[in-house]
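Reader: Hi! Could you walk me through a few spots in this model?

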Amino acid sequence: MKNLFLLVLFIFPFFSYAQFSEMQIITFEISSPWSIFVVDIDGDGTLDVLATSEVDNKIVWFKNEDGLGNFEDQQIITQNLEYTKYVTAADLDGDGDMDVLATSASNDLLVWYENLDGLGTFSNQHIISSTIINPYKAIAVDVDSDNDLDIIAAFPQSNKIAWFENLDGLGNFSSQHFITNSAINVFSVDFADINGDGIKDVICDSSSNGNGYPSWYENDGAGNFGSQQEITQDTFGSIYVIADDLDGDGDMDVLNIEFGGETIAWYENTDGLGNFGPKRIIIAPINASFQIFTADLDNDGDKDIVYNSQDVNIDKVAWQENDGNGNFGAQQILTTDVFAPRGLFSADIDNDGDNDILFSSIGNNKIGWFENLTILGVAETLQLKIKVYPNPANTVLYISNSSTYSINSLQITDLQGKTVKQVNKNTSQLDISNLESGVYFVKILTDKGSLVKKIIKQ
């Protein structure tokens, strides 16, 4: 019987899926939100959200108001950076807080904004480069092993990948150092130790032959890079690559989204030296996937994947579980209530020990998140069992309680923390017709604890 059980496990790998909450909206206020990044901006120990708008020319951040995933209104970092595709955060000036790095395709700018006080008050833009056309993705990493953060950026229109040295650790950068000028239509770059020498290398979604084969470039540790090494030619182009250990053997494998987003596949680093095995398809066909993210979503110690997809009939955000050996389970759809999804991130937004999922959707101006319910305490039970709807709401707000806990009171506060409505009894609905349009927080007190829900009054 034991052997039969092992045979069943071999033929049908065991997947113990994580569960996620319904979509929780962070904002509808950003026009065409493209890139998102999660980081503690104000140094309070909770994770906030950075976002860009390619229509409003803005970079903004949203404060995680209580550490549970209830976010305050946008705080503007800039309104003058056109067609911003990617944003990230890192300590570029060595003062211990998170600064912001971004690109502007229309302005041909690679820039950063200093976090002046560690609380999220930002400087005007510091220009890293204004001489290379159409920067796309940029990352902050230590290229030359001097313990400060340099910048690597992809420039698809000029087929270049370049890095910029942080000269003094204070955010004063050198001119460009070319890694390659023959990566045809390169959009995506990543930084990981591909050949196991303890030095991180550069991975990109393009090569010099014009067919979009993912490639890597060896770093000697001082920022001198070797020639192009193709990871595979068994792909219909490439638009996005990242490196991670998908099979648990301690080396960096490569994930690839093929051109047009029709296939998501990975390639095993077979010897830990940067020689890669054949294509291993995770999902196909899939239409117009733009980004993929790896994270341990079910707390089993291996890296699962989350991705977006834009289809003719249905757009979605979805994830798939890894069994630890690089075999992936069936697609688990988080939502189809998106239109042209773009940004993705996974992090522990509500401080409960598991990784939640965030997304942006440019077609309906949404930034939202899904709570991971893998680790479920009282707070998570309340979030799962007590619903506040509709959201947005106009005249009446309904409260549905399927938990075993009794509701003792409900309180509505505005963004300034002022109480605008209080009900000291158990009720299934609230009249909000007299509230002004805007964002509010509903605090629900039960006999076992409390929870806060963010709502929008139309």
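Reader: To start, which strand is the place of Ile 76?
Author: Ile 76 sits in strand 5, residues 75–78; strands here are DSSP runs of E, at least two residues, numbered from the N terminus. This is a predicted model, where local features need pLDDT of at least 70, side-chain atom pairs count only at pLDDT 80 or more, and totals for chains, interfaces and linings use all residues. Residues are numbered from 1 along each chain as its sequence is written, and side-chain values use heavy atoms, with hydrogens and water left out.

Reader: Why does Ile 76 count as partly exposed?
Author: Because its relative accessibility is 43%; buried means under 20% relative accessible area, exposed over 50%, and partly exposed in between, with a 1.4 Å probe and protein chains only.

Reader: And what does Ile 76 touch?
Author: Leaving out residues up to four places away in sequence, Ile 76 touches Lys 58, Ile 59 and Val 60 (contact means heavy atoms within 4.5 Å).

Reader: New topic: where does Asp 251 lie?
Author: Asp 251 is in the loop between strand 18 (240–244) and strand 19 (253–257).

Reader: What does the side chain of Asp 251 reach?
Author: The backbone nitrogen of Gly 272, at 3.4 Å.

Reader: Switching to the open sheet of four strands, what's the order?
Author: The order is 32-31-34-35, with antiparallel pairing; two strands pair if DSSP finds at least two bridges between them. Strand 32 (419–423) and strand 35 (450–457) are the edge strands, each pairing on one side only.

Reader: How many bridges do strand 34 and strand 35 pair over?
Author: Eight, in the antiparallel sense. Ile 444 stands opposite Leu 451 in strand 35.

Conventions: Polar contact = N/O pair within 3.5 Å; in protein donor to acceptor, adjacent residues only side chain to side chain.
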